[in-house]
4 protein chains.
Amino acid sequence: MQGVVIHAPEDLRIGTLAVPALQRNQVRVEVKVGGICGSDLHYFHNGGFGTVRLREPMVLGHEFAGTIIELGEDVRHVAVGSRVAVNPSLPCGECHFCRQGMHNHCVDMRFMGSAMRFPHVQGGFSQSVVVDASQAILIPASLTMAEAAMAEPLAVCLHAAHQAGSMLGRRVLITGSGPIGALSILVARYAGASEIAVTDIQEFPLAMAVRAGADRVFDTRSDPTGLPRYCEDNGPFDIVIEASGAEAALRNAIEAVRPGGTIVQLGLGGSPNVPVNLIVTRELRLVGTFRFDREFVLAVELMSAGRIDVKPLITSTLPFAKAFEAFELASDRSRSMKVQLDFQKR
Amino acid sequence: MQGVVIHAPEDLRIGTLAVPALQRNQVRVEVKVGGICGSDLHYFHNGGFGTVRLREPMVLGHEFAGTIIELGEDVRHVAVGSRVAVNPSLPCGECHFCRQGMHNHCVDMRFMGSAMRFPHVQGGFSQSVVVDASQAILIPASLTMAEAAMAEPLAVCLHAAHQAGSMLGRRVLITGSGPIGALSILVARYAGASEIAVTDIQEFPLAMAVRAGADRVFDTRSDPTGLPRYCEDNGPFDIVIEASGAEAALRNAIEAVRPGGTIVQLGLGGSPNVPVNLIVTRELRLVGTFRFDREFVLAVELMSAGRIDVKPLITSTLPFAKAFEAFELASDRSRSMKVQLDFQKR
Amino acid sequence: MQGVVIHAPEDLRIGTLAVPALQRNQVRVEVKVGGICGSDLHYFHNGGFGTVRLREPMVLGHEFAGTIIELGEDVRHVAVGSRVAVNPSLPCGECHFCRQGMHNHCVDMRFMGSAMRFPHVQGGFSQSVVVDASQAILIPASLTMAEAAMAEPLAVCLHAAHQAGSMLGRRVLITGSGPIGALSILVARYAGASEIAVTDIQEFPLAMAVRAGADRVFDTRSDPTGLPRYCEDNGPFDIVIEASGAEAALRNAIEAVRPGGTIVQLGLGGSPNVPVNLIVTRELRLVGTFRFDREFVLAVELMSAGRIDVKPLITSTLPFAKAFEAFELASDRSRSMKVQLDFQKR
Amino acid sequence: MQGVVIHAPEDLRIGTLAVPALQRNQVRVEVKVGGICGSDLHYFHNGGFGTVRLREPMVLGHEFAGTIIELGEDVRHVAVGSRVAVNPSLPCGECHFCRQGMHNHCVDMRFMGSAMRFPHVQGGFSQSVVVDASQAILIPASLTMAEAAMAEPLAVCLHAAHQAGSMLGRRVLITGSGPIGALSILVARYAGASEIAVTDIQEFPLAMAVRAGADRVFDTRSDPTGLPRYCEDNGPFDIVIEASGAEAALRNAIEAVRPGGTIVQLGLGGSPNVPVNLIVTRELRLVGTFRFDREFVLAVELMSAGRIDVKPLITSTLPFAKAFEAFELASDRSRSMKVQLDFQKR
């Protein structure tokens with residue numbers, strides 16, 4: 001069995017992996033499609049992010065879907081042949097936070113393809129993978145594997161929207177139009193935002209934003225005063241989804257939101273300078289959002305029902321053997337949104 | 001008539017003021033007591049704060065109380081001789097925010113003793129002052145003028161507590177134990193916090209914090225690891241009131257709060273470096289709080305009913321003619337909490 | 001000038017009305033289209049509802065749109081010829097509730113076509129009407145007068161949705177599929193509900209519900225156990241919009257909602273028997289919703305942007321001279337949803 | 001070993017009980033004090049309440065405290081000799097609601113002294129009892145057993161207050177001044193209510209309410225217009241805690257609360273007539289509250305720290321052998337608030 005293994009920055013290899021035994025509560029999934037996420041790119045380029053560092057080779061990937069090929073004894077809700085989206089998060093269910101229903105804050109979380117704990121939890125970019133049965137979410141025939149592999153990032157954006165509170169009739173600004181920003185457009189539109197504006201510093205992601213349903217876009221690099229001018233004429237926004245992690249974007253966000261408004265911070269980006277005085281005098285709410293919980297199932301459900309269509313955001317699919325090329329392509333924001341790997345082709 | 005006028009940094013003078021005529025909806029108040037606030041000290045030392053700058057001489061003071069000595073024709077709810085706490089804020093009642101009940105965000109706010117607009121709105125540190133009848137809040141005989149002059153900062157802290165949500169049974173950390181931090185202790189205690197911890201970088205304010213009801217205090221200068229050690233043993237806090245405006249205090253606040261917890265930012269302090277990654281991964285809420293609205297009347301009510309006792313926080317009272325000395329005393333955190341001026345003595 | 005005047009139960013007449021003078025802040029609107037609301041039908045059949053009783057002849061109608069034909073001196077935001085939706089509510093702006101932004105609870109509200117105060121506030125079912133300039137909301141050329149006359153009931157449903165909190169990914173049950181229930185389907189769909197179920201006791205409104213976007217409907221008269229069976233298999237709902245005012249529907253609502261769930265009570269219906277024990281043991285939230293506030297402008301905006309399409313709910317349009325016939329038609333739930341009057345035809 | 005066993009309405013006996021074996025995760029508690037709750041009285045007088053009916057003899061009691069006399073092998077947080085308050089609720093930890101942190105809605109809840117499930121879960125009114133280690137909450141030496149036995153009803157009232165939202169500066173009405181109403185007074189006072197009014201239909205509980213800290217009381221039987229008159233003069237309340245379960249009290253509650261205000265329904269009382277029209281037009285929130293969750297530990301903590309003093313509410317203590325007499329005494333609201341049983345005396 002082969003998989004996509006990161007060894008060190010820029011050292012990404014197709015490697016041969018041991019096939020683990022299956023426990024009673026587990027399933028073996030033949031992986032069909034996996035999507036490359038921004039955090040995968042951080043491992044690829046920098047060997048980690050923030051304080052999280054690669055300390056041993058790790059299979060990447062936490063956005064993937066496939067078909068059940070083997071069942072543990074106790075597993076009932078799926079069968080061999082079932083098509084599933086795989087939830088990469090496995091909370092312990094026992095800790096203080098799990099007992100309160102805050103599973104994304106589990107102190108013993110096992111999140112696939114993450115170097116946060118050591119030994120690292122191996123990811124899903126391999127020809128098959130063993131996961132807990134609870135992680136395998138059945139999908140209908142109408143959903144493609146490519147869409148199912150989008151359930152994880154869509155869940156992230158649904159969770160962010162839940163942190164924002166009701167968007168019905170709200171004017172929403174999304175700063176950063178990468179895959180997470182673009183999915184947030186789909187979610188904000190679905191959640192009833194009356195207006196969606198999007199910022200980025202490149203043309204291609206802004207064009208994709210328009211395609212995803214943005215009412216207007218601002219290139220803050222080529223026209224830094226465009227957003228402030230727009231706010232001056234039309235009033236500030238009710239809600240901002242900060243999806244870039246960039247210091248300048250957070251500053252834009254804070255300046256563009258109305259007194260009492262909400263900024264949901266989705267992007268990770270360290271310890272920027274923040275205009276806290278504006279947070280005080282405008283009584284803003286800056287709220288963090290981290291991963292997701294029950295939103296994974298909701299993401300599958302909304303895509304399955306045809307209510308949210310993520311397909312236009314998938315810009316390329318490459319055979320997994322070309323993972324290195326795919327990671328470089330995914331790093332090029334001038335032509336890529338979501339890049340996926342096909343694990344059925346070499 | 002004389003008043004306390006700031007002309008430039010460190011240039012504070014007792015000056016002679018014109019006696020303005022009274023309009024139908026106004027009252028003339030003989031000022032009895034006025035308290036010196038941190039923003040008064042900013043004008044005194046720096047001629048302003050942030051982008052707010054002194055552009056003409058201004059009577060300082062927005063914490064004061066006195067006795068009605070003249071009534072406009074239309075005024076009914078008070079009489080000559082009525083003892084009143086004066087609410088220094090006069091929202092327009094007509095703007096977009098006033099119409100939504102967000103009076104503290106009024107775009108045409110007249111806030112006494114503030115250089116935010118030009119000409120500046122003159123303050124209350126004078127022998128008499130003319131205010132809108134709506135600003136004069138009747139106080140009972142049981143309330144001293146000194147206490148009544150504390151209604152404004154107490155209102156600020158009540159508003160901050162409202163921004164925090166219910167404190168019942170919550171563990172609350174207050175960073176910074178100046179007058180606002182200390183009043184926040186009284187409020188948190190009154191609002192049912194189960195535990196109140198307080199940080200500062202000096203001994204005197206921490207001793208005052210204990211007197212105000214703090215369960216425990218941490219001197220983050222002499223023992224920087226005290227708070228982190230305490231959190232490690234006893235778990236993080238549910239709510240932080242950040243009352244210092246210091247970058248280090250906000251960092252402490254963010255590190256000391258539990259996932260999903262709330263930090264209410266009360267202190268003004270510019271654009272510090274903020275560990276936004278922790279806000280994201282712990283899904284914290286950083287919420288600004290600015291001035292107050294109906295909490296002014298509530299402050300008067302709670303002091304009048306004996307439910308909150310602010311008297312221990314008043315460390316000195318000087319005749320207004322000694323304003324310069326009083327401002328220097330108020331600036332010395334090693335021996336002063338709230339310093340008030342007596343306008344009946346010279 | 002002629003209008004539709006209710007004199008007593010079942011005594012609805014086309015009457016000749018005086019043309020009032022215009023004040024500085026007012027506009028005269030030539031009415032084009034008016035929609036018949038359930039409360040109009042209550043006046044028509046019963047002379048009122050609850051404690052509200054007709055005490056003098058009153059022009060009916062609070063859902064209408066038209067064209068400005070005369071301007072008061074101070075009016076700027078519209079011109080002669082402007083096409084407008086008319087907001088029938090005129091809060092005083094001065095009372096305790098208005099000052100807090102709770103305009104729908106104004107103690108001195110003037111609501112058109114309502115007998116709540118005496119003299120009654122005359123309604124909009126006349127060839128022209130004088131309203132405060134603030135009540136005239138400009139509409140774009142793309143919006144028909146018929147749609148504009150739907151702004152008021154749509155605003156009612158948007159306000160109800162705001163009372164419910166975020167609907168994103170929620171399973172929503174709507175009990176009662178009259179015009180308000182059907183508009184609530186459009187709103188819940190727009191607000192991101194993941195599933196919408198609807199109950200009624202007649203076939204036609206349920207067919208309309210499906211057309212409006214309901215995922216499933218239950219005829220609680222012909223199949224009383226259908227909804228309970230569905231809940232047993234699929235779990236209870238997160239949110240109920242009770243849009244009927246019927247005792248049985250509220251009971252269904254309470255039984256069909258999950259622990260901690262929300263029931264928004266929209267329908268008026270007196271003092272029914274309520275299974276309060278279930279509210280207690282399931283910790284339900286039963287929340288009232290009354291009229292609307294800023295949602296009127298939002299309703300115009302969402303229809304104008306093509307985001308909510310109310311046209312399929314308009315089942316008939318009759319010349320205003322046939323008002324009696326129109327009111328009888330509107331009362332027949334087996335074939336009518338929204339019936340409108342055309343004031344340009346006789 | 002002997003215990004207090006209900007066999008049928010009015011058939012309460014001291015019976016001899018088997019001593020169960022101890023499992024690894026359990027502790028054996030020598031019961032010291034047990035308090036009689038309203039639901040115990042329902043079993044005593046009526047053999048149950050609502051649809052809950054006694055189907056076999058059952059030891060009563062879910063408010064009790066004692067000393068650990070035996071430990072299961074896996075138990076660590078207490079020792080033989082530890083003094084504990086016993087939490088009578090044991091949620092399964094596995095069901096849909098437990099996983100969301102909504103333990104009081106556990107579908108497999110084992111609540112002591114309750115006939116909700118069959119076989120019934122035996123209660124704590126016996127000389128010793130075996131409970132899960134998680135149910136035994138350590139108390140400090142400063143807390144008497146009598147106070148510790150009040151942790152359960154205090155937890156109920158703390159949970160109700162959490163359902164109400166922040167009480168800081170709110171005007172609170174409590175309808176019904178039995179033990180739960182009176183404890184709610186202590187909680188509302190502690191949570192920062194600015195005013196607390198209480199209603200009942202008897203003199204003794206109202207006198208106790210004043211002793212517990214009520215600002216004013218209304219005897220709605222002897223003076224039915226007292227509360228409405230008071231509201232007319234002083235305005236309606238922000239929050240009502242309905243602690244009686246009586247139809248008339250809920251009606252009073254709804255009429256006495258301001259637009260947008262909250263009524264927390266604590267009392268159980270079937271399916272009364274409810275003025276739903278007022279809920280609609282005033283946009284009230286009627287919220288149920290059921291038992292408690294983490295508030296049990298909080299109750300112990302607040303009593304231990306001396307922040308809430310429940311002792312004045314304990315009106316009598318009888319040896320457990322006189323249980324019948326004690327239950328009759330507890331049923332007499334003209335002279336009893338909380339009646340407790342002493343299990344160390346016969």
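Author: The dialogue below takes up two interfaces and then a single residue. Please note that this is a predicted model.

Reader: Let us begin with chain B and chain A. How many residues does each chain bring to the contact?

Author: One begins with the residues on each side and then turns to the area. Here chain B contributes 35 residues and chain A contributes 35 residues. Between them the two chains bury about 2800 Å², and 57% of this lies on carbon and sulfur atoms.

Reader: Which elements of chain B supply at least two residues each to the side that touches chain A?

Author: In chain B they are α4 (151-164), α8 (247-256), β17 (257-265), α9 (276-281) and β18 (285-288). The most comes from α9(B), which gives five residues to the side of chain B that touches chain A. By residue class, that side of chain B holds 16 nonpolar, 15 polar and four charged residues.

Reader: How many salt bridges and how many polar contacts does the rule find across the interface of chain B and chain A?

Author: The two kinds of pair are counted separately. For chain B and chain A the rule finds zero salt bridges, but it does find 21 residue pairs in polar contact, both residues being at pLDDT 80 or more.

Reader: How does strand β18 of chain A run relative to β18(B), parallel or antiparallel?

Author: For strands, one looks at the bridges and the direction. Strand β18 (residues 285-288) of chain A is joined to β18(B) by three bridges, and the two run antiparallel. Within this pairing, Leu286(A) has Leu286(B) as its bridge partner.

Reader: What does the contact of chain A and chain D consist of?

Author: The reading follows the earlier order. Six residues come from chain A and six residues from chain D. The buried area is about 450 Å², with 38% given by carbon and sulfur atoms. On the side of chain A, Arg99(A), Gln100(A) and Arg294(A) lose the most area to chain D, together 68% of what that side buries. The side of chain A that touches chain D divides into one nonpolar, three polar and two charged residues.

Reader: Finally, why does Thr220(D) count as buried?

Author: One compares the relative accessibility with the cut-off, and buried means under 20%. Thr220(D) counts as buried because its relative accessibility is 19%. Thr220(D) lies in the loop between β15 (216-219) and α7 (226-234) of chain D. Leaving aside residues up to four places away in sequence, Thr220(D) touches Thr199(D), Asp200(D), Ile201(D) and Asn252(D).

How values were computed: Residues are numbered from 1 along each chain as its sequence is written. Chains are lettered from A and ligands numbered from 1 in the order in which they are written. This is a predicted model: local features need pLDDT of at least 70, side-chain atom pairs count only at pLDDT 80 or more; totals for chains, interfaces and linings use all residues. Side-chain values use heavy atoms; hydrogens and water are left out. Contact means heavy atoms within 4.5 Å. Buried area is the accessible area (1.4 Å probe) that two parts lose on being put together, summed over both. A salt bridge is a side-chain nitrogen of Lys or Arg within 4 Å of a carboxyl oxygen of Asp or Glu. A polar contact is a pair of N or O atoms within 3.5 Å; within protein, one must be able to donate a hydrogen and the other to accept it, and residues adjacent in sequence count only if both atoms are side-chain atoms. Helices (H or I, at least four residues) and strands (E, at least two) are DSSP runs, numbered from the N terminus. Ala, Val, Leu, Ile, Met, Phe, Trp, Tyr, Cys and Pro count as nonpolar, Asp, Glu, Lys and Arg as charged, and the others, Gly among them, as polar. Two strands pair if DSSP finds at least two bridges between them. Buried means under 20% relative accessible area, exposed over 50%, partly exposed in between (1.4 Å probe, protein chains only).
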